[in-house]
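Good morning, everyone. Please take a look at the structure on the screen, and I will walk you through it.

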Amino acid sequence: MEYSVQSIPLILIACSSFLAFILCVLIAKTLQPGKQKSLPPGNLGLPLLGQTIEFLRAHKSNTSKDWIEEKVKKYGPVFKTSLMGCPTVVLTGQAGNRFVFQSDDSTITNKQPISLSRIIGKKNILELTGEDHKRMRGAIMQFLKPEALQKLVGRMDSVIQQHFLDCWEGKEFITVLPLMKTITFQIACDLLFSLTDTKERQILGTDFTEAMKGVWSFPLDLPGTTFRSGLNARSRICKRLTSLLQVRRGELQQEKSSPDQDLMSTMLTMRDENGGALTEEDIIDNMIAVMAAGHESTCTLLVHLVRLLALNPDIYQNIMQEQRHILLRKNPSEHLQWVDVQKMKYTWKVAQETLRLIPPAFGGFRKVMKDIEFGGYAIPKGWQLFWAASSTHMDEEIFTEPNKFDPSHFSTRLPPYTFIPFGGGHRICPGYDFTKMEIVIYLHHLVLNYKWSLMDPKEKIECEPMPLPAMGLPIKLEAMHE
């Protein structure tokens, strides 16, 4: 899954951007008209900070789309700026998306904050390139591909049903966000490494939350800093996952566990063409990465589905009709199956429309590995690119009435590289089908058992770092037991 821009302390920005700005000026002087293609139009901003402050302010207030649109109106679909201490070219529109997602790692590669690589791990899939990336992606997809997920539908269905019994049943008022964090983390723990012990899962969840705070902090490794706390939390997570790895390795050797039991088991038994196995560091770093990408983004999507369905009762009714139709063809005690998930087409369109309007990751950075050209402009080696989902998600030539919540936007085939909440190309999120299965199963039980209304229909959306309701989305519940 792609990571969005996060709040970064100004001291980090100032320290890291001075040399980048000087470099940018020197490069700009060498690219004069008549010698070679010029840099894109735009404004590099302040000598030290660039335009980072206003960009981050827009992100936190959930107005990044407006910030991008203002620049596009002024400079066109390709423009330069300076963000996060580095000269940056922002690419918008379908052509920009295609250029970013189709380029190979020798031209454009992934770029993550230092704090992310330290806490998630340097071997995580977001950091890997070339054959290393291909190998790790293959290992993750071995478990997350549709053929493997078919065996997990009943298990996920059971976990979600129990969640509603424990957290929703008998309640008149609830706050949605913390419950969504709980269930998405529980599903990740259960299906990724079979951790079902509630107490241990809560301890791991606390450490995981602490680690994620460190990911988006100033990377100063000193006592008392958020970054040090994040590193310490990572250490505890690694210790726990190492223990689980040892147990699972023994179970596999004694044939008490199967290679397809969970992602950890799959990765332990993976071998390359030379018979080589993944290292313990490979497995742990990528277990953490998959949890970070899947848990937080899925939680965000579920929260906004609850919010938007309350605001659009006609769409809620359409989902209910589809889910009742599926339920009529099953025995009361029978779990959902893969064939049922595939029938939830309208339900998934609603989820896609939610992702279009509110993508968990607004955009992402890439690093330019060699001098390149795009749109008639030169982009020098060492610069960074930024792609923004809103440039196509909110394009009225692609989506009629783009500000309207309308699942029919997905009733026809869309042009490639226009709907990109999961990224695209060879780095498209490997958890797409896993996320789809989790979302539609959750909505199946939600709409068949509850009606709800928002306590504050105009609750503010803030990005810290995901776009979420500021108060956690408190709702009033009405059970529908027939």
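Let me start with a definition. Two strands pair if DSSP finds at least two bridges between them. Helices (H or I, at least four residues) and strands (E, at least two) are DSSP runs, numbered from the N terminus.

Now a word on the source. This is a predicted model: local features need pLDDT of at least 70, side-chain atom pairs count only at pLDDT 80 or more, and totals for chains, interfaces and linings use all residues. Residues are numbered from 1 along each chain as its sequence is written, and side-chain values use heavy atoms, with hydrogens and water left out.

First, a three-stranded sheet. Its strands come in the order β4-β12-β9. The sheet is open, and its pairing is antiparallel. Which strands stand at the edges? They are β4 and β9. Each has a single partner strand, so one side of each is left without a neighbour in the sheet. Neighbouring strands here are turned by 35° against each other on average, direction ignored. For angles, axes are lines fitted to C-alpha atoms, for helices over the stretch in contact, and values run from 0 to 180 degrees between N-to-C directions.

Look at the pairs. β4 covers residues 173–175, and β12 covers residues 474–479. They share 3 bridges. Phe173 stands opposite Lys476 in β12. On to β9, residues 450–454, which is joined to β12 by 5 bridges. What is the bridge partner of Ser453 in β12? It is Lys476. Tyr450 has Ala479 as its bridge partner in β12. In a regular strand, side chains alternate between the two faces of the sheet.

A helix covers part of this sheet. Helix α18, residues 432–449, lies across β9 and β12. Its angle to β9 is about 85°. Contact here means heavy atoms within 4.5 Å.

Next, the five-stranded sheet. The order is β1-β2-β8-β5-β3. This sheet is open too, with mixed pairing. β1 (78–83) and β3 are the edge strands, and each pairs on one side only. Here, neighbouring strands are turned by 35° against each other on average, direction ignored. Helix α3, residues 64–75, packs on the sheet. It touches β1, β2 (86–91) and β8 (384–388), and its direction makes about 130° with that of β1.

Asn110 stands opposite Arg366 in β5. Remember those two residues.

They come back in a cavity. On a 1 Å grid over the protein atoms alone, a cavity is a set of points where a 1.4 Å probe fits but cannot get out, and a pocket is an open set with protein on both sides within 12 Å along at least five of seven lines; lining residues have an atom within 4 Å of a point. Grid points are joined across faces, edges and corners, and a volume is the space filled by probe spheres set on the points.

How many cavities of 30 Å³ or more does the structure hold? It holds 5. β3 has the largest share, 3 residues. By class, the lining has 3 nonpolar, 6 polar and 3 charged residues. Ala, Val, Leu, Ile, Met, Phe, Trp, Tyr, Cys and Pro count as nonpolar, Asp, Glu, Lys and Arg as charged, and the others, Gly among them, as polar.

Then the largest pocket. Its volume is about 930 Å³. It is lined by 36 residues. Nearest its centre lie Leu177, Lys181, Thr209, His295 and Glu296. Which element gives the most to the lining? That is α10, with 9 residues. The lining divides into 14 nonpolar, 14 polar and 8 charged residues.

Helix α14 (residues 313–328) and helix α16 (residues 345–357) pack at about 145°, with axes 8 Å apart. Among the residues that meet are Ile315 and Glu322 in α14, and Lys345 and Tyr346 in α16.
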